[in-house]
Amino acid sequence: MKRRTFLNALAGVCVSNVLPMSLTPAFGATPDRFLITITAAGGWDPTAFVDPKGSALRADGRGPINNYSASDIRSAGNLIYAAYPSSVLPVASDSPGHMDNFFAKHYQRLLVINGVDAQTTSHVSGSRFMWSGRIEEGFPSVGALVAAPYAGQPMAYISTGGYDYTASLVSPVKTATPATFAALAYPNSQYADSVKNRKLSYFNDSAYSAVQAARDARLARLQSSESLPKRLEQMQQLELARSSDEQLQSLLANLPATVSASVKGQAEVAVAAFASGLAASANMYVDGFDTHAGNDTRQAQSLTILFECIDHLWTQIEKAGLQNKVTILIGSDFGRTPFYNTAGGKDHWNVTTVMAMGAGITGNRVIGATSANFDALKINPSTLETHSEGIFITPKHIHRALRDFIGVSPELDRQFPIVAEPLALFI
Amino acid sequence: MKPRVYQLAACLLALFCLAGMFSSAQAATGAAVPSFVYPILHIPRIDVEGYGALDVNMVLENQTTLSLALSSAQPANSAVAPGATYDLHTGILDIPQLRMGANLYAVQLKSTGNNKFQVTQLTPIAVTGQASYTQMCAGCHGIDGLGGPVKVTLKNCVWCKDLTSLTNYISINMPLGNPSLCVNMCASEVATYISTAFNGGSNFPIASTLEAIEVMPAAETLRKASMQLVSRLPTQAEIDLANSGGDEGLRSAVAAMMEEPAFYERLDEIFNDMLLTDHYLYSNTPDGAINLMGAFPSARWYDPGATSGLRDATYTANRITTNDSVAREPLELINHIVKNNLPATEMLTADYFMLNGYSAKSYGITDVAFNNEWDAKEFRPARLAGIPHAGILSSLMFLNRYPSTVTNRNRARARVVYDLFLDVDILGLDGARPNGSAVDIISKAPTMENPDCVKCHSLLDPVASSFQEWNVRGKYAPPTKWYQDMFQAGFGNQSVPVNLSKTPLQWLASQVAADPRFDNAMIRIIYKGLTGEEPLESPGASATTAETEAYMAESSMLDAAKAQYRAENRNLKTLIREIILSPHWRADGLKDTGFALVHADTGAARILTPEMMHRKLNALFGFEWRGPLDAYSTNKNLAISARLLEPKLYFEQIYGGIDSFNVSERPTDPNGLMANVQERMANEMACYAVPNDFLAGATSRRLFPYVETSTTLLDAQGQAAVMANLQHLHHYLLGEDLALDSAELAYTYQLFATVLQDGQSRLASKVETAALPARCVRTKDMLTGVALNTAGLTTDPNYVVRSWMAVVAYLLADYRFVYE
């Protein structure tokens, strides 16, 4: 049971009350290290991209793992990636989401961790494990941990889907539509989300200035005559909150003139929020990977969207000059079976892949591996090479390494512990 | 700071540091032992020759010389026994027993003239039980009994009201993990010590603390209560009742409000903020509740099948309604109990659960007679055959919201039972849990053998084992055997009786319901619901004087409310009513700013939740915040158009809404985004409401009963009308009653005049046109969308409409509007 503390005077949202004080930066402090997690929701098929196997028949009679030949497997630097099966019509060859383009452009910044044992085939548990590092309930997402010290910022943690449990460390802002933020950044505009019509206001400028000045003066008068400490404190908080509206306009100033739809728009909002000092972490969400039927076509379609999103995100990051400050982690609930079902789909499989790129990540690397039948292989925790006497990489190892790498505070690390062998995954 | 005190008696640190310790509701019943609470020495009764029985206060003037001055003397309560003697001839004031902190002292003072006295003797008095308390109890509860590191106070605690109960409780339960250490005589002596040292003082600090509160008038209290409970303004009849009937009139008016359907919406919110079972509402988790009903084959009775081609709008509506009917089952049980004035304990002991026509079909129950099986609001009690219902505890929603695993063995559920229904934070009982290096790998069953583990697990595991008949996902599935390496089903040190061993959860529910801490848990839930914040926690060993006095005063108030609630069959309406009537909830200011620290948290003002703001706007304007009124006929039926209820496109989540899972705590202060939501709300609602009100007939105007769109400030009549309307708006929107010549009204008048004058200049110079802003115009009927017979309201040739919009926007973003 949490009880309110006496003379509680924390600025910002109440959820920051549960933070140790040492984690609460001075009010107004802005983050300068950012994390984006991208959920490929439903369980992606690593053999359809960075852990390709080819069409050789399995010895157990279950057919091939993939519907493309092993000889068609491509490479970009040290990364290998799948060919599109012949039954799949790939996206246009000039699309940034086409695998040839995507890997050619980004392999030098991509880290691929294959053979990750998700230890579950449940969507709920898999998603929780992948993004919190613990399969049990009650552990916050890594995005929440990164944002927690900035809980006083109005949108420290942006989440547009996926596992975003915060353990009340920080309130996730789930509204990430630019139109919503525009409505709040320009509260006097009738058509805030239209740059062209934004000037059409409810009140003319002088009238609105008079209203705002009257509001400010009224709040000051109320404060001067208030004798109840609690109400006085509330008035002071209200005055403080009203003073921060310039930040939202800064967010809009950092957005492209025309914000993209769907997941690309999510990327633009997240990067603009980082550049404005309003956010520290963001969840992005690409659906469509739960391919129990028509696996090849639907995985290819969803991967195209995902790769276009990542490419667009990286472009935004570079435009904002944040490439040395934003780290991106991309993962899924689990993997898919190394064989097809009768509907041409693939069901749930515990072996999966995690990718990372961005600030601090050494790209053009592949860590971990799977067998010819797409079973996870153990690795030597020191050398990270496969080793039959080693350990399986699990999401907890990834989070242990990620926390150490990105600097989750020791207090939060103790509060939500992850005990796992330290692996030098992120260097 | 007080060196002389240490020099005189080292053990008297408590004398000046532990001020405020002697106040308790129990003390108010007549305990007579004099007490010292810095800086006041209080003698409830002293008989002085020639003066009779006096109740005397003295104030410490000099901490170095320990000199005090008489500050007040009034006739004493004759039922109180004298606690001191005064010899007029020698000038010696003798106090055989003076309480200071947890200690007793024999004190003698000598008159130095001019009603001043100096301490001449100060001798500690040994108290039976003190040594045992210090050795076995103080580590957790603090040497002063105020809570210590675990913040579980013994001041006015639930068992401290009578010595026998306290003795028995100590004998059976304390110290945690090893109650055999203190039984019989030891328990009796410790109980006596706790009773006398922590619960036997005077109540004067509470009285003075409460008297410092300026209580809001009855009508204002009623408005606030009405908005809180039923999201509407009080009627004139209710106002008259409150004004003429004093507190009893107010009680009657508030009680009547709690019979309205709107009250039960609010009650849902209050309890869901703690239970969080609304996580399964369709809007939070699509099919969230139905997905939990794998054991019920007709759960999706409404679904004709994906390939049937029959999944139409009715299917969608039934799907959502059924899901939400199942999800709301535990909250509907609470509603049923409160509606029917049943004791709150029935939320645990009910041998039934609640269904409406939709959820009955999902559960496959056909023997419940509904007046209208398609009325989603008609919930009735029902039973599942072969299921030993235990109120909320056996609810499918509760059991899944707090699930278990094969290794957790229901301990998470047990923790929640302690938290929600016993007001005990079991994880806080003994500080930090062992870290990785301290895990006991030697004991076969550490939770039963290692004393460090047993402290908590002896409480937690019997409750956890009592859930054994329900599996990890809430299905009733009695196990063939239960784990033997954990404490077996029970509660405290009691095991489930053998004849009830097949229904341990029902037995547990009855035990929890009978536990006096259950009432504390209800107080916590209701108080948080009505104020947005939890009751003050026990102050603990490091508390300041102000913190201690604040806790004492608030707990005294809550105890009084609890006593009334218990006297009225544990009716939650009583609890709500009494808290609303309390000076803490009605606090409108402080008479004495010297109490500012003590009353730092006093008062019920809170920022409105998005749901409350949504309802308030509707109550005041007659429409919800859903965009322009010309499109309202369509928008009013769309869930996605409600600006304060929709989380993704609009502002519900930004404005502090919860989804009962990822976001489960409501903010108590606004952030920058919330301030912007307020500003947009004020601007938009002013734009919609002002033209709408001017379109209304004279008798149905809410906002502008005194002016027309042609009323300007050109003449005295117009000026007077505007002023009268401003007065009305301040009252109607903010609840402020301002005199026509008040400065506050003059400021608002000035705003109106400024905007009007400037606007008319802009019209004259053609900088601006007569057209109203596009989203403010009215050409259609708000409810039907049909074109208005009249010309509607699209222009503002005098700039009056826009000037009133400015005034209304000014008022809607005011502190007194966005807080309630």
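Of the 820 residues of chain B, 49% count as buried; buried means that 20 or more other C-beta atoms lie within 10 Å of a residue's own, exposed means 12 or fewer, and partly exposed lies in between, with C-beta atoms placed from the backbone. This is a predicted model: local features need pLDDT of at least 70, side-chain atom pairs count only at pLDDT 80 or more, and totals for chains, interfaces and linings use all residues. Residues are numbered from 1 along each chain as its sequence is written, while chains are lettered from A and ligands numbered from 1 in the order in which they are written.

**Chain B overall**

- Chain B holds 29 helices and 14 strands. Helices (H or I, at least four residues) and strands (E, at least two) are DSSP runs, numbered from the N terminus.
- The C-alpha trace of chain B spans about 95 × 80 × 50 Å along its principal axes.
- Take the contacts in chain B between residues at least 6 apart in sequence: 64% of them join residues at least 24 apart. A contact requires C-beta atoms, placed from the backbone, within 7 Å.

**Two positions in chain B**

- B:Leu384 sits in the loop between strand 11 (380-382) and helix 15 (396-401) of chain B. B:Leu384 counts as partly exposed because it has 17 C-beta neighbours inside 10 Å.
- B:Glu744 belongs to helix 27 (residues 743-764) of chain B. With 18 C-beta neighbours inside 10 Å, B:Glu744 also counts as partly exposed.
- B:Glu744 and B:Asp47 are 697 residues apart along the chain, and their C-alpha atoms are separated by 54 Å.

**The sheet of chain A**

- Chain A has an open sheet of 8 strands in the order 6-5-7-1-8-11-4-12, with mixed pairing. Two strands pair if DSSP finds at least two bridges between them.
- Strand 6 and strand 12 (365-367) of chain A are the edge strands, each pairing on one side only.
- Strand 4 (residues 111-117) of chain A runs parallel to strand 12 of chain A, joined by 3 bridges. Here A:Leu111 stands opposite A:Arg365.
- Helix 8 (residues 262-275) of chain A packs on the sheet and touches strand 1, strand 5 (157-159), strand 7 and strand 8 of chain A. The direction of helix 8 makes about 175 degrees with that of strand 7 of chain A; axes are lines fitted to C-alpha atoms, for helices over the stretch in contact, and angles run from 0 to 180 degrees between N-to-C directions.

**Strand 1 of chain A**

- All 7 of the 7 residues of strand 1 (residues 34-40) of chain A are buried, so this strand is largely enclosed by the rest of the structure.
- A:Phe34, A:Ile36, A:Ile38 and A:Ala40 point one way from strand 1, and A:Leu35, A:Thr37 and A:Thr39 point the other way.
- Strand 1 runs parallel to strand 8 (residues 326-332) of chain A, with 7 bridges. A:Ala40 stands opposite A:Ser332 in strand 8.
- Strand 1 also pairs in the parallel sense with strand 7 (residues 281-286) of chain A, over 6 bridges. A:Thr39 stands opposite A:Tyr285 in strand 7.

**Helix 1 of chain A**

- In helix 1 (residues 99-106) of chain A, A:Met99, A:Phe102, A:Phe103 and A:His106 are buried. These residues cover an arc of only 85 degrees around the axis, which puts them on the same side of helix 1. The arc is that of the directions from the helix axis to the C-beta atoms.
- The cover over the buried residues of helix 1 includes strand 2 (74-76), strand 3 (79-81), helix 9 (295-319) and strand 11 (351-358) of chain A.

**Where the chains meet**

- 57 residues of chain A are in contact with 64 residues of chain B. Helix 5 of chain A gives the largest share of the chain A side, 10 residues.

**Nonpolar cores**

- The largest nonpolar core has 176 residues. A nonpolar core is a set of buried Ala, Val, Leu, Ile, Met, Phe, Trp, Tyr and Cys residues joined through C-beta atoms within 7 Å.
- Helix 25 (residues 672-695) of chain B gives the most to this core, with 12 residues.

Key. Contact = placed C-beta atoms within 7 Å.
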